[in-house]
Amino acid sequence: KIRQTIFLLPLFLLAGCASAGGSQSRDLDLKELCTEEQVFQYADFEWGTDSEQLFKQSFLKFDEKDLGHESKEKFSLENAESNMDLEFSDGQLSQVSFTFDIEQDANTWIQKEVDELNSLYGGGIATGLGNQIYQWQGEQDTVLQLTAFTEGDESATVILSVASMEYSIGS
């Protein structure tokens, strides 16, 4: 489990930050992060799907970024917005993440989301040196992780992601 945390952290640090904008956004439903079989994934974005197939079947549009693809559409969670970031390993989907910049009451926002995730998926494992990392283990070697990089009590960058360790780089 520590290997997974250490492995995922560099990917999160490299994820692009969301920018605030006046565009239309869709609500991010935390229930869409897990299947009935207790596999963590976003909605019907199945792990191992190749990028070309995923982009054809998705209703979302994506721009290519340095380390993956970013949705053109924004997602909102408790008044914070993010794009969806997709990462591929050997051309197969391995991680879906959302990066939120919380400008005020960050600790309250984080605790509310952690409480909601705990109520949906059971008690997560809390770790982190200087940062808050919460992790939930799913079936088929999948993980849900919330990582908060806090800047005092008021602001933070929070990355919410689901990943498949089977399809991740270096696994």
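Predicted model: local features only at pLDDT ≥ 70, side-chain atom pairs only at ≥ 80, totals over all residues.
Local features required pLDDT of at least 70 and side-chain atom pairs pLDDT 80 or more, whereas totals for chains, interfaces and linings use all residues. Residues are numbered from 1 along each chain as its sequence is written, and side-chain values rest on heavy atoms, with hydrogens and water left out.

The chain contains three helices and nine strands, taken as DSSP runs (helices H or I, at least four residues; strands E, at least two) numbered from the N terminus. Their order from the N terminus is α-β-α-β-β-β-β-α-β-β-β-β. Of the contacts (heavy atoms within 4.5 Å) with a separation of 6 or more, 57% involve residues 24 or more positions apart.

Of the 171 residues, 49% are buried, where buried denotes under 20% relative accessible area, exposed over 50%, and partly exposed in between (1.4 Å probe, protein chains only).

Asp 29 lies in the loop between strand E1 (25-27) and helix H2 (51-57). Asp 29 is partly exposed, with a relative accessibility of 37%.

Glu 166 is located in the segment after strand E9 (155-164) and is exposed, at 52% relative accessible area. Glu 166 and Gly 48 are separated by 118 residues in sequence, while their C-alpha atoms are 8.6 Å apart.
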